[in-house]
Amino acid sequence: MSLLEISTEDKSVKPSISFSPEAKAKFEKILTLYPPGTQAPLLPVLHLAQEEFGYLSLEVQEYVAKLMNLPVTTVHEVVSFYTLFKKEPTGKYWIQVCTNLSCNLRGCEKIVDYISRKLGIQVGQTTPDKKFTLTTVECLCACEMAPMMQINEDYYGYLTEARVDEILDNLR
Ligand code: FES
């Protein structure tokens with residue numbers, strides 16, 4: 001489904017997904033923390049949706065837009081701006097290697113290439129066993145640890161090929 005289709009969709013059609021009762025309770029709680037009727041809670045709600053559904057598909061973005069009474073395009077703009085929001089399903093471990101200036105000066109390209117060869121996948125791909133997805137991202141604000149990467153919620157810095165081996169072998 002294209003963005004155009006979902007932005008002009010029939011409002012009477014119910015999305016086929018919905019929050020679990022637990023997630024719905026968290027959603028209601030988030031709303032109490034922000035001024036009513038604004039889009040201020042959108043970021044935490046998107047985090048919640050990603051936690052609940054695994055990634056933010058167009059269907060999930062449409063669901064969040066309806067819940068918050070926002071245009072789908074507003075939700076899509078936020079989701080597409082932040083690399084921390086997943087637009088596609090990923091493997092169990094989502095590897096994001098920073099390729100911005102500090103990490104670049106400290107050899108991140110070699111690290112990306114090494115991980116790619118080690119896992120047998122290109123940037124943007126997931127291993128056949130659905131364990132690892134490799135992506136590159138802009139600065140993760142940990143330049144002092146360059147070259148560095150994020151795997152799910154954890155940061156790993158001062159990367160060398162030996163350190164990559166140690167980290168990834170521990171996750172296998
Ligand atoms: S440039 Fe890599 S963390 Fe900032």
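C108 is buried, with a relative accessible area of 0%; here buried means under 20% relative accessible area, exposed over 50%, and partly exposed in between, with a 1.4 Å probe and protein chains only. The model is a predicted one, in which local features need pLDDT of at least 70 and side-chain atom pairs count only at pLDDT 80 or more, while totals for chains, interfaces and linings use all residues. Residues are numbered from 1 along each chain as its sequence is written, and side-chain values use heavy atoms, with hydrogens and water left out.

The structure holds zero disulfides, a disulfide being a pair of cysteine sulfur atoms within 2.5 Å. C108 is in no disulfide, and the nearest cysteine sulfur, that of C103, is 6.0 Å away. What keeps the sulfur of C141 from a bond with the closest cysteine sulfur? That closest sulfur belongs to C139 and is 4.5 Å away, which is too far for a bond. C141 is exposed, at a relative accessible area of 67%.

Next come the charged pairs. Side chains of opposite charge can pair when their charged atoms come close. A salt bridge is counted when a side-chain nitrogen of Lys or Arg is within 4 Å of a carboxyl oxygen of Asp or Glu, and a search of the whole structure finds six of them. In one of these, R117 pairs with D113, and the closest N and O atoms are 3.1 Å apart. Both residues are in helix α7 (residues 108–119); because they are four residues apart there, about one helical turn separates them. Helices (H or I, at least four residues) and strands (E, at least two) are DSSP runs, numbered from the N terminus. An α-helix has 3.6 residues a turn, so residues three or four places apart point the same way. R117 is exposed at 54% relative accessibility, whereas D113 is partly exposed at 39%.

A salt bridge also joins the side chains of D165 and K118, at 2.9 Å from N to O. D165 is partly exposed at 23% relative accessibility, and K118 is partly exposed at 24%. D169 and R172 meet in a salt bridge too, with an N to O distance of 3.7 Å; D169 is partly exposed, at 41%. Together, K118, D165, D169 and R172 are linked in a network of salt bridges.

Helix α3 can be checked for length. It has 12 residues (residues 42–53), which at 1.5 Å a residue should span 16 Å, and its end C-alpha atoms are 16 Å apart, in agreement. The expected span is 1.5 Å times one less than the number of residues. Which residues of α3 are buried? They are L42, V45, L46, L48, A49 and Q50. Their cover includes α2 (21–32), α4 (58–68) and α5 (72–81), where contact means heavy atoms within 4.5 Å.

L42, in helix α3, is buried at a relative accessible area of 3%. Not counting residues up to four places away in sequence, L42 touches V64, M68, L70, T74, V75 and V78. The C-alpha atoms of L42 and V78 are separated by 8.5 Å, although the two residues are 36 apart along the chain. After α3 comes G54, which has a positive phi near 95°.

Positive phi values also occur outside glycine. N69 has a phi of about 55° although it is not a glycine; N69 lies in the loop between α4 and α5 and is exposed at 72% relative accessibility. K130, likewise not a glycine, has a positive phi near 65°. K130 is found in the loop between α7 and β2 and is exposed, with a relative accessible area of 59%.

One further backbone feature is a cis peptide bond. The bond joins A146 and P147, with omega about -10°, and P147 is placed in the loop between β2 (132–137) and β3 (149–151).
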